[in-house]
Amino acid sequence: MHLFVITFSGGAKLIGATRMSRWIGHWGKLCSLLLISIMLILIGFIIFKGLPTLGLKLFFGDTDPLAAMMGQKPVWEGIWPACVGTLTVVLCAVSLAALPGIASGIWLASAAEKRAQKVFSLAVDILAGIPSILMGLFGFSLILVLRASFFPQANVSLLLAAFCLALLILPYIACATQNALSSLPKQLTVTGAALGMTQWQATYRLLLPQASPGIMSGLMLAIGRAAEDTAVIMLTGAVANAGLPGGLLQRFEALPFTIFYLSAQYQSQQELDMAFGAALVLLILTSIIFTLLAALLRRRNCNIFGSAKSLIKETMC
Amino acid sequence: MILVVISGLMLFAVFCFLIWFSLPVFLTETSLVFSLQWQPEQGHFGILAMVFGTLSLALISTSAAFVIALGLNSFCLLSRRRWLVVILRSLLKFMAAVPTVVYGLAALFLLLPLLRNGLQLGSGYSLFAAICMVILLILPVICVMLDNITTPLWQQYALGAQALGFSPEQTYMRVILPHCKVNICGAALLGFNRAIGDTMLPLMLAGNATQLPSGVFDAMRSLTAHIALVIATDQGSEVYNSLFAAGMILLMSSACICLLSRSLVGRN
């Protein structure tokens, strides 16, 4: 019925519409060809520039690799400290965010109070949409407050950066968990209750194992997001020359920040090559995560909306 | 349960912090913050030029990306070369995973020389360069949303429309698009939100001059880049007030857009 109404109102304009419609077909072809070629050029450019530099020298400079890996000798002209820094900060952030994220996801999927749930899911949505630099600003002002009040030696550090990154990735984990849990069949909960399980037992022993691929993919998303984000760590403790991260309260190096710093203030061709090498490493890292994610989603073979929604979450902020 | 409360409190804390810090700015020296002059040495902390920069960047890039996304979406639905569509879809998903700083680096050494030498535009750092890359950044957001919205509709209506004598293109233009006008606006708003919030691309490509851009090829500075730059150069405590005002504006606009787009996308 709806269709007929549309047809009727559109019918009068159909003569002009024919030309318009043909136009959209061509426009679509043009756009997609353009997009594919632009992306090929961009990625190809990074690979073309970065591939020759890829090697031990890129990571360790002139230092002996083994000694550098053990942290005995500092690495000056390599991206090894940046890699380790990124790895550490991402691990810290994910371990900070995983528990609260999964817990709030479980609560969102199963809570009885619908109104509180609505408010909270709204808050998660807003949190997912907040620009990442605001998280950095938040961390920065947190330090200012701490300094002014009862912790005068507080400074920007790895821990702070990890905390802010955790805030940034929390909504992704929560949303993925919620989607994974709520896409499970309803009978599972009912069966658990019928077998005499408490709600906690049913969740922990029955639902979570079933939903673990979905939760894993959410975690992976979060890792990718935390690894690529530059704005947060730029404001909360990443510096250009810190060496290997010395502790939770030290400053650190990170791959995205190194790329940004080198591309803005390179002094020699070698440093520029290093930037391209680092960019290629970061690109490879994120595409590995992306491939794993795609494989996980395909294996789970869940309903299209679950995966689509988490992808939206990924792209939202 | 406790963890939920904690994560809720965290969100609340972010809001409170920014509001707390920016309140004095809004209460006392409103005229100073909302002016066009940014000369920290002389005590002028106006961020209006940056607000305008962010707005122009986000508006132009979102509208361009929206038109391109419509084209891509129509291609995904209409094309008979399904393998190309599969490639396009996975490319779009992959684009969402590419780090922004890599985009910035590639543009810095591909697009800027083109603008500098090919078009003779001074240094090449301009609003235009930032817009080009931001379009690439927000395309996957809008496209994935559009795809999610239109594919079920297409499956529902395509056969009936064909029976009425529509060509596939006409179906797309006359049946599908009018049917989900509102939801499409929501998708575009999501892209807008992302365009506002991005830091690295404007920071690397837009030139960071604190002026009103008079044309697309002018240098400008966005709010996000402004925050990053001022904290990086560390100028003293008075400047920070304007930062929190900037953060507040960003937070408010992103929250409003989020709510609006959420309600728009979800509506039938």
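Me: How many helices and strands are there in chain B?

Reply: This is a predicted model, in which local features need pLDDT of at least 70, side-chain atom pairs count only at pLDDT 80 or more, and totals for chains, interfaces and linings use all residues. Residues are numbered from 1 along each chain as its sequence is written, while chains are lettered from A and ligands numbered from 1 in the order in which they are written. Helices (H or I, at least four residues) and strands (E, at least two) are DSSP runs, numbered from the N terminus. Chain B has 11 helices and two strands, in the order α-α-β-β-α-α-α-α-α-α-α-α-α from the N terminus on.

Me: What percentage of chain B is buried?

Reply: A residue is buried if 20 or more other C-beta atoms, placed from the backbone, lie within 10 Å of its own, exposed if 12 or fewer, and partly exposed in between. Of the 268 residues in chain B, 53% are buried. In chain A, Val145(A) lies in helix H7 (residues 132–148); Val145(A) is partly exposed because 15 other C-beta atoms lie within 10 Å.

Me: How many residues of chain B are in contact with chain A?

Reply: The size of an interface is often given as the accessible area lost when the parts come together. Here contacts are counted instead, two residues being in contact if their C-beta atoms, placed from the backbone, lie within 7 Å. In chain B, 71 residues are in contact with 68 residues of chain A. Helix H1 (residues 2–28) of chain B gives the most to that side, with 11 residues. By class, the side of chain B that touches chain A has 51 nonpolar residues (Ala, Val, Leu, Ile, Met, Phe, Trp, Tyr, Cys and Pro), five charged (Asp, Glu, Lys and Arg) and 15 polar (the others, Gly among them).

Me: How do H6(A) and H8(A) pack?

Reply: Axes are lines fitted to C-alpha atoms over the stretch in contact, and angles run from 0 to 180 degrees between N-to-C directions. Helix H6 (residues 114–129) and helix H8 (residues 158–182) of chain A pack at about 135°, with axes 8 Å apart. H6(A) and H8(A) are therefore oblique to each other, as angles under 35 degrees count as roughly parallel, over 145 as roughly antiparallel, 65 to 115 as roughly perpendicular and the rest as oblique.

Me: Which residues in H6(A) and H8(A) meet?

Reply: Val124(A), Leu127(A) and Ala128(A) in H6(A) meet Leu170(A), Pro171(A), Tyr172(A), Ala174(A) and Cys175(A) in H8(A). The residues of this contact comprise eight nonpolar, no polar and no charged.
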